[in-house]
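Please look through the sequence and the model below before reading on. The report that follows should be read with both in view.

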Amino acid sequence: MKERIAKTAIVLFHEKGIKFTMSDLAHDLGVSKSTLYEHFPSKDELIGYVIQQVNEETERRFREVIQDSNLTIPEKLKGILLIVPHDFQNSYVRLLVELRRYYPERWREMEQAINDEWDIITSLIEKGIHSGDFRPMDIPSLIQTLNLLMTSIFDQRNIASSQITVQQSLSMIVDIILHGIVKQD
């Protein structure tokens, strides 16, 4: 039942944003609110559970990309930077902005999981420089730039009226990082 509640909550995230109510969720599930509260004492706990699931999926997919010996270093970097949990690939960026605004503690949990992965990205970039796949550069400056670009996705000023998904936004950023903006012949 816990998984069913979480999956339905994710559907409501997409339909109504983070402000959906537990009554909305109970209605969509065809259960009473007390049934929901048996599994999740609060909406915050439910959101925490969903974020935990998202973080675990992201970490698993991250490891799969890193361990895939068929991928080149640039392909691994691209693969890692494009990881978006399956249930959120078509989410609009505004959903994450709402999470950050209304549930800052839960946002920090998600952000911490993302920050933990920068060490692996740094190591991958170092390997790419040593192998000649990437040109030599100041790695801390590059990581800071990548981090700023990735977090800029959640800047409300940039996406206030945008109907771009998280996956679309990340794809554009990663393409610019890896290929620049110069037209290729």
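## The whole chain

This is a predicted model. The secondary structure of the protein consists of 11 helices and zero strands. Read from the N terminus, the order of elements is therefore simply α-α-α-α-α-α-α-α-α-α-α.

Along the principal axes, the C-alpha atoms fill a box of roughly 60 × 35 × 30 Å. The protein has 185 residues, and 41% of them count as buried. Among contacts with a separation of 6 or more, 67% are between residues 24 or more positions apart.

## Helix 1 and helix 2

Two packed helices are described by the angle between their axes and the distance between the axes. For helix 1 and helix 2 (residues 22–29), the angle is about 115 degrees and the axes are 10 Å apart. Their crossing is right-handed. On the side of helix 1, the contact is made by Arg4, Ile5, Thr8, Ala9, Leu12, Glu15 and Lys16. Helix 2 contributes Asp24, Leu25, Asp28 and Leu29.

Thr8 is one of the residues in this contact. Thr8 lies in helix 1, which covers residues 2–16. Is Thr8 buried or exposed? Its relative accessible area is 16%, and buried means under 20%, so Thr8 is buried. Leaving aside neighbours within four places in sequence, Thr8 is in contact with Leu25, Asp28 and Leu29.

## The buried face of helix 2

Which residues of helix 2 are buried? They are Met22, Leu25, Ala26 and Leu29. Seen down the axis of helix 2, these buried residues fall within an arc of 100 degrees, so they line one face of the helix. They pack against helix 1, helix 3 (33–39) and helix 4. After helix 2 comes Gly30, and its phi is positive, near 75 degrees.

## Asp116 in helix 7

Asp116 is placed in helix 7, which covers residues 104–116. Asp116 has a relative accessibility of 47%, so it counts as partly exposed. The side chain of Asp116 makes a polar contact with the side chain of Gln112, at 2.7 Å. Asp116 and Gln89 are 27 residues apart along the chain, and their C-alpha atoms are separated by 21 Å.

## Helix 8

Helix 8 covers residues 118–131 and has 14 residues. From its first C-alpha to its last, helix 8 reaches 20 Å, close to the 20 Å expected at 1.5 Å a residue. In helix 8, the buried residues are Trp118, Ile121, Thr122, Leu124, Ile125, Gly128 and Ile129. Down the axis of helix 8, these buried residues fall within an arc of 165 degrees, so they line one face of the helix.

What covers the buried residues of helix 8? The cover includes helix 4 (43–67), helix 5 (73–81), helix 7 and helix 9 (139–152). On the other side of helix 8, Asp119, Lys127 and His130 are exposed. Just after helix 8, Gly132 has a positive phi of about 90 degrees.

## Helix 11

Helix 11 covers residues 166–179 and has 14 residues. Helix 11 reaches 20 Å from its first C-alpha to its last, close to the 20 Å expected at 1.5 Å a residue. Its buried residues are Val166, Gln167, Ser169, Leu170, Ile173 and Val174. Seen down the axis of helix 11, they fall within an arc of 160 degrees, so they line one face of the helix. Gly180 follows helix 11 and has a positive phi, near 75 degrees.

Ser169 has its place in helix 11. The relative accessible area of Ser169 is 9%, and the cut-off for buried is under 20%, so Ser169 counts as buried. Ser169 and Arg61 are 108 residues apart along the chain, while their C-alpha atoms are separated by 19 Å.

Key: Residues are numbered from 1 along each chain as its sequence is written. This is a predicted model: local features need pLDDT of at least 70, side-chain atom pairs count only at pLDDT 80 or more; totals for chains, interfaces and linings use all residues. Side-chain values use heavy atoms; hydrogens and water are left out. Helices (H or I, at least four residues) and strands (E, at least two) are DSSP runs, numbered from the N terminus. The expected span of a helix is 1.5 Å times one less than its number of residues. Buried means under 20% relative accessible area, exposed over 50%, partly exposed in between (1.4 Å probe, protein chains only). The arc is that of the directions from the helix axis to the C-beta atoms. A polar contact is a pair of N or O atoms within 3.5 Å; within protein, one must be able to donate a hydrogen and the other to accept it, and residues adjacent in sequence count only if both atoms are side-chain atoms. Contact means heavy atoms within 4.5 Å. Axes are lines fitted to C-alpha atoms, for helices over the stretch in contact, and angles run from 0 to 180 degrees between N-to-C directions. A crossing is left-handed if the near helix is turned anticlockwise from the far one by less than a right angle, and right-handed if clockwise.
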